[in-house]
Amino acid sequence: MKLSAALSLIALTGAKAFAPAAKAPVTTELAMSEYRTSVRDNVDVGVGGPLAGGAGGRDLAEIWDNSSPVIVQGGSLRTWSFANPAIESVQVLLKTEGRPLDADVELWQGPDNTPHKMRVYVEDGALRTFNAVIGTPRGPNTVAIRNIGQLEFPLDAVVRPDRDDGLAAGIASVATRSETIQGGALRTYPFNPTVDSVAIILKTDGRPLNARIELLQGPNNNKQVVELYTEDGLDRPFFAIVETPGSGNVVRVVNTAPVEFPLYASVDAYRVGGGGDWADDGLMIGRAF
């Protein structure tokens, strides 16, 4: 009896040796590549930021206080060159002493190559400063600012590199909504008086980007207008902060490209105040009586 039991155990052990091994589960999930064409491809559009906890974004006044503005007289041109190829984006800030601001901003990369250009108009350059971040991958690059206003209307300009935790990162952290704007279409974004400034991100899937950004306060009353062109909206997305003091502010984004060139827009509140510094002009939008 014991001999037969031992023989049975040996037979079972030998059968297990020839049994096929269990196959590992096969998944069809694609691994996420870690390759990025530039530092600005990872903008994390749609991720909640500081405003989710009731805080505001990066203070623009801190940037002006820690920088040395350059005065650009009316009708003159100033340039800033960045030879270091590690600088992949730069901050461009413009303001005046309360007079109108009218300027052309261009990015030069090599001879006769302008991959990014803007036409900027602000009704009051002290109340609403111009604040943007433009991509400068694969240097060297040169930022050119031309004051196309009259000689009596100088402007102050700050152009400096943007760090990984700089202005573009702050804008991306509060851009919680993103939507597609087809070519020739427009979108409007109204904001209540407690919003002091608005964060804007415009990008494409690699196609050219042509757009117009308007800040309206009242019917067809433009307080700020930016006409934008970028040859590659993925490699060089556009980041901006539009200051919105007062009440009745509406941001309008127009895709001026043909229908074959859609863009992706993220517009959200950047800094929210208490609403106590806006003028009581009798409009009282959004308030209950």
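**Note on the predicted model: threonine 129 and its setting**

1. Threonine 129 counts as buried, because its relative accessibility is 7% (buried: under 20% relative accessible area, exposed: over 50%, partly exposed in between, with a 1.4 Å probe and protein chains only). Threonine 129 lies in the loop between β5 (116-122) and β6 (130-135).

2. The side chain of threonine 129 forms a polar contact of 2.8 Å with that of glutamate 243 (a pair of N or O atoms within 3.5 Å; within protein, one must be able to donate a hydrogen and the other to accept it, and residues adjacent in sequence count only if both atoms are side-chain atoms). Leaving aside residues up to four places away in sequence, threonine 129 touches Leu94, Lys95, Gln224, Ile241 and Glu243 (contact: heavy atoms within 4.5 Å).

3. This is a predicted model, in which local features need pLDDT of at least 70 and side-chain atom pairs count only at pLDDT 80 or more, while totals for chains, interfaces and linings use all residues. Residues are numbered from 1 along each chain as its sequence is written, and side-chain values use heavy atoms, without hydrogens and water.

4. The protein chain has an average pLDDT of 80, and 74% of the residues score at least 70 (pLDDT: the predictor's confidence in each residue, from 0 to 100). Over residues 24-57 pLDDT stays under 50, and the model has 47 contacts for them beyond four places in sequence. Residues 276-289 also have pLDDT below 50, with twelve contacts in the model beyond near neighbours in sequence.

5. Of the 289 residues in the protein chain, 42% are buried. Among its contacts with a separation of 6 or more, 83% are between residues 24 or more positions apart.

Key. Helices (H or I, at least four residues) and strands (E, at least two) are DSSP runs, numbered from the N terminus.
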